[in-house]
Amino acid sequence: MKFSKEIKSIEEAIVQLKQIGTLLDTIEATVLEIEENLCNIDESVPHVELEPEKFTENDKKQYDRLVVSLSEAYSLVDEILGPPDEEPKVPIPQSKKRQMCS
C-alpha cells in the first residue's frame with residue numbers, strides 16, 4: 001500500500017499550520033499590547049462617580065462614551081484571547097501572561 005499522496009497532504013498541512021501558528025503568535029502579541037494600552041488608559045482616567053461635582057456635563061458625556069468604548073474594546077480583546085486567568089494553571093512566561101487590569 002502506498003501512502004505518498006497522504007504523506008504529501010499531511011506535510012503540506014504541517015507547513016500551513018506552522019505558518020498559522022506564527023501568525024497567531026503575532027496577533028496575540030499585538031492584542032496584548034493593545035490590552036496594556038487600554039489598561040493604562042483605564043487606570044489613568046479619574047472616575048466621575050467619585051467626585052461628580054468636579055466634572056461638567058460635557059465631561060460626563062465624554063466619560064460615558066469612554067466607559068462604553070473601553071467596555072467594547074475589552075470585550076473584543078476577550079473575544080480574541082479569551083477571558084484573562086487570575087492564576088494560570090500552567091506556568092506561562094511573563095511576556096505571555098494575561099492579567100486583569102487593576
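Among contacts in the chain (heavy atoms within 4.5 Å) between residues at least 6 apart in sequence, 53% join residues at least 24 apart. The model is predicted, so that local features need pLDDT of at least 70 and side-chain atom pairs count only at pLDDT 80 or more, while totals for chains, interfaces and linings use all residues. Residues are numbered from 1 along each chain as its sequence is written, and side-chain values use heavy atoms, with hydrogens and water left out.

Visitor: How many helices and strands does the chain have?
Guide: Helices (H or I, at least four residues) and strands (E, at least two) are taken as DSSP runs, numbered from the N terminus. On that basis the secondary structure comes to 2 helices and 0 strands.

Visitor: Are α1 and α2 roughly parallel or roughly antiparallel?
Guide: The axes of α1 (residues 4–44) and α2 (residues 57–81) come within 10 Å and cross at roughly 155 degrees. Angles under 35 degrees count as roughly parallel, over 145 as roughly antiparallel, 65 to 115 as roughly perpendicular and the rest as oblique. The two helices are therefore roughly antiparallel.

Visitor: Which residues of α2 does α1 meet?
Guide: From α1, the residues taking part are I27, E28, V31, L32, E35, L38, C39 and D42. Their partners in α2 are L70, A73, Y74, V77, I80 and L81.

Visitor: Is I34 buried, partly exposed or exposed?
Guide: I34 lies in helix α1, and its C-alpha atom is separated by 9.2 Å from that of A73, 39 residues apart along the chain. Buried means under 20% relative accessible area, exposed over 50%, and partly exposed in between (1.4 Å probe, protein chains only). At 44% relative accessibility, I34 therefore counts as partly exposed.

Note on methods: Axes are lines fitted to C-alpha atoms, for helices over the stretch in contact, and angles run from 0 to 180 degrees between N-to-C directions.
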